[in-house]
Amino acid sequence: MTKLSEEKRKRVEIPFHGADLSIETGWIAKQAHGCAIVRHGETIVMATVCGADARPDQSFFPLTVEYR
C-alpha cells in the first residue's frame with residue numbers, strides 16, 4: 001500500500017448490537033467513484049459506485065446492481 005493511500009484512508013468504528021461496526025473508505029477500488037467496506041461482526045460488505053454524465057439522447061438511466 002502506498003503512502004498516498006494511507007493518507008486518504010478513513011475508518012470509523014462504533015459498537016453496534018454487540019459487535020463492532022466499522023466503515024472504511026479511500027483505499028480500495030480506485031477506479032470507482034466511491035467505495036466503502038462495512039464490517040459488522042463476521043460480515044463484510046464492499047459497496048462501490050460508478051457514475052457518468054447523462055447523454056441528451058437517452059430517455060432513461062439504466063441501473064445495474066450486482067451482488068455475489
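**Salt bridges and cysteines in the predicted model**

The side chains of D57 and R55 meet in a salt bridge with an N to O distance of 4.0 Å, a salt bridge being a side-chain nitrogen of Lys or Arg within 4 Å of a carboxyl oxygen of Asp or Glu. Both D57 and R55 are exposed, where exposed denotes over 50% relative accessible area, buried under 20% and partly exposed in between (1.4 Å probe, protein chains only). The model is predicted, so that local features need pLDDT of at least 70 and side-chain atom pairs count only at pLDDT 80 or more, whereas totals for chains, interfaces and linings use all residues. Residues are numbered from 1 along each chain as its sequence is written, and side-chain values use heavy atoms, with hydrogens and water left out.

The structure holds five salt bridges, and R9, R11, E13, E24 and R39 are linked in a network of such contacts. Within this group, E24 pairs with R9, their closest N and O atoms lying 2.7 Å apart. Because E24 belongs to strand β2 (residues 19-25) and R9 to the loop between α1 (3-8) and β1 (10-16), the pair ties together parts that are 15 residues apart in sequence; helices (H or I, at least four residues) and strands (E, at least two) are DSSP runs numbered from the N terminus. E24 is buried, at 2% relative accessible area, while R9 is partly exposed, at 28%.

A search of the whole structure finds zero disulfides, defined as pairs of cysteine sulfur atoms within 2.5 Å. The sulfur of C35 has its closest cysteine sulfur in C50, 9.4 Å away and therefore too far for a bond.
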